[in-house]
Amino acid sequence: MCGIVGYIGKRDAAPILLEGLHRLEYRGYDSAGIAVIEHTGQLRLAKCKGRVRELEKLLPRRFKGAPGIAHTRWATHGEPSDRNAHPHCDGANRVAVIHNGIIENAAALRTRLEAAGVAFCSDTDTEVLAHLIAAMPDGSLEAAVRAALRMVTGTYGLAVLDAARPDAIVVARNGSPVVLGIGEREMFVASDPAALVRHTRNVVYLDDGELAVVRADGFATSTLDGGATAKVPATITWANEAYDKGDFAHFMKKEIVEQPEAVRRTLSGRLEPRFQTAHLGGIELAAHELLDIHRVKILGCGSAYIAGCIGAHVIEQLARLPAHAEPASEFRYRNPVIERDTLYIAVSQSGETFDTLAAVQEIKRKGGRTLGVVNVVGSTIARECGRGIYLHAGPEVAVVSTKTFTCTVVALALFAIHLGRIRDLSPGQGGRLLAALAALPDQIDEILAREPEIARLAQDLACCDHAFFVGRSAGHAIAMEGALKLKEVSYLHAEAYSAAELKHGPLALITSQTPTVVVLPADDLLQKNLSTIEEIRARHGPIISITQANRAPPAVDAAFSVPVSAPELDPVLLNIPLQLLAYHVALQRGCDIDHPRNLAKSVTVE
Ligand code: G6P
């Protein structure tokens with residue numbers, strides 16, 4: 001989840017590394033640092049607590065030369081501080097290491113090193129690596145890194161510089177992504193292609209257990225045991241602008257606005273009107289195999305888990321199969337029973353979330369069948385699942401998920417239609433849903449055009465300390481996502497509850513100072529939700545309802561209505577105003593929307 005960037009070639013590394021760090025700040029932003037081997041052969045280092053712009057201010061002009069490595073951090077071991085920022089060096093300031101992941105046996109290694117007289121400068125697990133590598137007998141940097149990595153357990157994506165051997169950067173991967181960028185007599189290293197798209201589109205993704213020696217004129221990959229591996233370069237297809245904010249003040253806003261286009265891409269080529277079903281090329285399960293599936297389990301973390309809750313609901317409705325979503329982190333720790341006739345769907349924007357990946361690995365180890373619903377093409381979870389549905393939503397840079405949440409629900413709805421049409425869903429029902437899916441982009445546009453109305457609603461919330469979000473069935477999942485979004489970007493304490501459960505406890509907290517956002521689709525549960533509204537009003541709780549255009553607005557303090565879709569797809573539209581609500585509350589509270597405190601985009605540690 002930290003950002004790694006490296007450069008080796010004829011140019012000065014520092015400007016390239018700083019630009020890369022800015023693009024990686026969404027992976028962590030509590031501290032940043034840079035190490036460059038100068039023309040004199042000396043390793044120069046600068047690092048500090050805070051954002052990349054603070055680091056920039058620190059850099060002396062004479063920070064010249066290459067190779068160099070740089071890092072933006074999301075703290076695991078040791079608080080965010082100057083001394084805990086990466087890179088970490090050995091005592092002689094010869095070897096510099098940047099690292100993403102966790103070295104699990106760091107404490108034991110540290111004790112051993114300290115007993116041998118090594119003085120540590122930080123509280124991090126990473127620093128042990130720098131000392132271990134520096135202490136290896138003379139030989140190549142590659143051999144030293146290999147030997148050090150044999151001594152550690154844990155996860156890493158890392159890059160190492162050695163002032164005594166300045167002709168290479170050595171990188172390695174085990175659980176945290178590392179990508180190499182191939183230039184003209186220069187090479188780049190990063191934890192994410194976002195850092196290198198400005199310079200090259202030709203990239204190589206390392207696999208777990210791989211190490212690479214990167215020189216200006218090329219690279220060589222091998223396993224940790226030293227066996228050479230062959231890599232086929234891939235091409236990044238996204239335009240540079242996809243990684244830029246353009247005229248938008250925040251990536252979050254840009255990505256909310258991109259949703260109509262993102263949904264069109266998720267749907268592209270997948271609506272099959274001839275058979276009134278969905279066509280999904282990557283699921284690689286024939287109709288007869290899908291008939292053998294009697295249960296669906298969806299796993300993910302954060303917003304991906306919540307999108308899974310809605311997806312499970314749609315699958316259950318359309319395919320009439322028991323379907324359930326569960327946080328991936330909980331699932332893998334309870335020694336789960338894996339069933340032959342269950343399909344396990346892993347949902348992840350990044351395709352790198354550690355808990356989701358670990359759940360997939362556990363399922364596969366026990367012989368279960370997995371399918372990935374992932375945004376980042378070629379990511380670890382996508383590859384581990386072996387079959388799946390790509391969202392094609394485009395890069396999502398804001399820490400909080402918006403367009404990929406929407407596209408995940410759409411992708412799971414496509415799968416539900418496909419599964420349903422193999423079972424009992426009639427052609428007429430299939431056709432109805434295809435038409436509703438095709439209409440979604442324009443309907444989302446309609447909602448986005450009414451943003452000023454939502455900005456006004458946000459004023460009611462921005463001055464509160466607490467809020468409830470309630471809904472029933474899929475509306476409960478939308479309430480969960482609405483509350484999560486608000487918490488993440490505005491730091492307002494927002495709690496989501498099933499509307500039915502409110503009276504079993506949380507109602508005690510309803511006062512005139514605690515607004516409730518009610519997700520109110522015009523479905524079979526409308527009357528029940530209206531009763532919940534009455535219960536809240538009787539306790540003087542202010543109410544904002546997110547409802548649908550085909551019904552009279554309820555008697556509440558404020559309401560916003562969305563266009564009507566198919567009932568199974570209504571959650572997609574009901575969620576859009578809640579994204580904008582969170583955005584505007586955060587804006588009004590002066591929060592750093594694209595860099596919410598303590599969070600990171602892609603959580604590659606446990
Ligand atoms: C982090 C992000 C969330 C995201 C979750 C899962 O916690 O801050 O926005 O929903 O990870 O990420 P994934 O990449 O697996 O969808």
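Author: The crossing of H15 and H18 is right-handed; a crossing is called right-handed if the near helix is turned clockwise from the far one by less than a right angle, and left-handed if anticlockwise. Helices (H or I, at least four residues) and strands (E, at least two) are DSSP runs, numbered from the N terminus.

Reader: On what kind of model does this rest?

Author: This is a predicted model, in which local features need pLDDT of at least 70 and side-chain atom pairs count only at pLDDT 80 or more, while totals for chains, interfaces and linings use all residues. Residues are numbered from 1 along each chain as its sequence is written, and side-chain values use heavy atoms, with hydrogens and water left out.

Reader: At what angle do H15 and H18 pack?

Author: Axes are lines fitted to C-alpha atoms, for helices over the stretch in contact, and angles run from 0 to 180 degrees between N-to-C directions. Helix H15 (residues 451–462) packs against helix H18 (residues 570–588) at about 55 degrees, and their axes are 8 Å apart. The two helices are therefore oblique to each other; angles under 35 degrees count as roughly parallel, over 145 as roughly antiparallel, 65 to 115 as roughly perpendicular and the rest as oblique.

Reader: Which residues of H15 and H18 make the contact?

Author: Contact means heavy atoms within 4.5 Å. Among the residues involved are Ile454, Leu457 and Leu461 of H15, and Leu580, Leu581 and Val585 of H18. By class, this contact has 10 nonpolar, 3 polar and 1 charged residues. Ala, Val, Leu, Ile, Met, Phe, Trp, Tyr, Cys and Pro count as nonpolar, Asp, Glu, Lys and Arg as charged, and the others, Gly among them, as polar.

Reader: How do H7 and H13 cross?

Author: The axes of helix H7 (residues 259–267) and helix H13 (residues 403–422) come within 9 Å and cross at roughly 30 degrees. H7 is therefore roughly parallel to H13. Their contact includes Ala262 and Val263 of H7, with Val410 and Leu414 of H13. Its residues divide into 7 nonpolar, 3 polar and 1 charged.

Reader: Is serine 490 buried or exposed?

Author: Buried means under 20% relative accessible area, exposed over 50%, and partly exposed in between (1.4 Å probe, protein chains only). Serine 490, in helix H16 (residues 474–490), has a relative accessible area of 1% and is therefore buried. A polar atom of its side chain lies 2.7 Å from the backbone oxygen of leucine 486. Not counting residues up to four places away in sequence, serine 490 touches Val585, Ala586, Arg589 and Cys591.

Reader: Where is serine 191 placed?

Author: Serine 191 is in the loop between strand E10 (187–190) and strand E11 (202–205). Serine 191 is buried, at a relative accessible area of 4%. The backbone nitrogen of isoleucine 4 lies 2.9 Å from a polar atom of the serine 191 side chain.

Reader: Which peptide bond has omega near 5 degrees?

Author: The bond from alanine 66 to proline 67 has that value and is cis. Another cis peptide bond joins histidine 86 and proline 87, with omega about 0 degrees.

Reader: What is phi of arginine 185?

Author: Phi of arginine 185 is near 55 degrees, a positive value in a residue other than glycine. With 64% relative accessibility, arginine 185 counts as exposed. Asparagine 598, also not a glycine, has a positive phi of about 70 degrees and is exposed, with a relative accessible area of 63%.

Terms used: A polar contact is a pair of N or O atoms within 3.5 Å; within protein, one must be able to donate a hydrogen and the other to accept it, and residues adjacent in sequence count only if both atoms are side-chain atoms.
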